[in-house]
Amino acid sequence: MSKSIEELKSLTTQIRRDILRMVHAVNSGHPGGSLGCTEFFTALYGKVMNYKLPFTMKGKNEDHFYLSNGHISPVFYSTLARFGFFPVDELKTFRKLDSRLQGHPTTHEGLPGIRVASGSLGQGLSVALGVAQGKKLDGDNSLVYTLQGDGELQEGQNWEAFMYAASKKVDNIISTIDYNGQQIDGSTENVLSLGNLHAKLEAFGWMVLEEKNGNDLEAVIAILEKAKTETGKGKPIAIILHTIMGNGVDYMMGTHAWHGKAPNDEQLDTAFKQLYLEAPADY
């Protein structure tokens, strides 16, 4: 059953609570980027993407999603669980021995919703392009979605993929870039500036959309829906989605310090007070 915007907003808060609970329990993981991308995941799985359950690996006549910056697995796992791919209770196994919920998503555990391992950065777009072309060969009109980090774009394989996609007119792919301006060592501007990313992507032959309010759920839904209307026109679609790292928790927001750091007990309690739900469904 389709959820209302208000229900999805509450779910977004719940997913943020899940993210923090997961990384706190094992004192490891990546909360910053996960918190920043929560609206994107909620929009994608709650309103935009066409998929079926139970999950199948091939997913013919379904939209596919490929996470390239796999370290933000907490938001991916929580989203999949909250949308029925596997039991929510399994989130408590995150990063533990013999868990299907490893720090970076992998396929050999058979976790529903995961179609590619994405521990090494910079490879997700290449994989997604292969799938998108495969769908065209199969006569499958479904779309392929990806998410990449902005710091991840400092790796050269991405630019080979951007060039390839435009050259081969792969117009059934929508690649979103989480543009939060932060990476593990500091700001992307200081580590290795991306310059005018919008102009670069256009120069590579992509149709480029941009949303400044990437933590506004309705704005994210709108930009993804707009991107869908641009598919099938001979160009791949890119969305530059401006987000705030650590969004929703004031002491985590806008800093790379929480890229890969878990909150302690006191910090978790502070965060939960900010991520208030009248009736939380914490696992």
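## Cores and cavities: worked exercises

UniProt, in an unreviewed entry, places the feature "domain: Transketolase N-terminal" at residues 13-275. The model is predicted: local features need pLDDT of at least 70, side-chain atom pairs count only at pLDDT 80 or more, and totals for chains, interfaces and linings use all residues. Residues are numbered from 1 along each chain as its sequence is written, and side-chain values use heavy atoms, with hydrogens and water left out.

**Exercise 1.** Describe the secondary structure content of residues 13-275.

*Solution.* Helices (H or I, at least four residues) and strands (E, at least two) are taken as DSSP runs, numbered from the N terminus. Over residues 13-275 the chain is 39% helix and 12% strand. The end C-alpha atoms of this stretch are 6 Å apart.

**Exercise 2.** Find the largest nonpolar core and the elements that build it.

*Solution.* A nonpolar core is a set of buried (under 20% relative accessible area, 1.4 Å probe, protein chains only) Ala, Val, Leu, Ile, Met, Phe, Trp, Tyr and Cys residues joined through side-chain atoms within 4.5 Å.

- Step 1: the largest core has 55 residues, and Phe 41, Tyr 45 and Phe 65 have the most contacts inside it.
- Step 2: elements giving two or more residues to this core include α1, α3 (38-48), β1 (64-67) and α10 (265-274).
- Step 3: α1 supplies the largest share of this core, 7 residues.
- Step 4: leaving aside neighbours within four places in sequence, the contacts (heavy atoms within 4.5 Å) of Tyr 45 include Tyr 51, Phe 65, Phe 76 and Phe 85.

**Exercise 3.** Locate the cavities and state which residues line them.

*Solution.* On a 1 Å grid over the protein atoms alone, a cavity is a set of points where a 1.4 Å probe fits but cannot get out, and lining residues have an atom within 4 Å of a point. A volume is the space filled by probe spheres set on the points, which are joined across faces, edges and corners.

- Step 1: the whole structure holds 2 cavities of 30 Å³ or more.
- Step 2: the largest cavity, with a volume of about 70 Å³, has Tyr 45, Phe 65, Phe 85, Gly 113 and Arg 115 among its lining residues.
- Step 3: the second largest cavity holds about 50 Å³, and its lining includes Phe 65, Phe 76, Gly 113 and Arg 115.
- Step 4: β1 gives the most to the lining of the second largest cavity, with 3 residues.

Conventions
UniProt positions are given in the numbering used here, feature names are shortened, and annotations may be inferred rather than shown by experiment. Buried means under 20% relative accessible area, exposed over 50%, partly exposed in between (1.4 Å probe, protein chains only). On a 1 Å grid over the protein atoms alone, a cavity is a set of points where a 1.4 Å probe fits but cannot get out, and a pocket is an open set with protein on both sides within 12 Å along at least five of seven lines; lining residues have an atom within 4 Å of a point.
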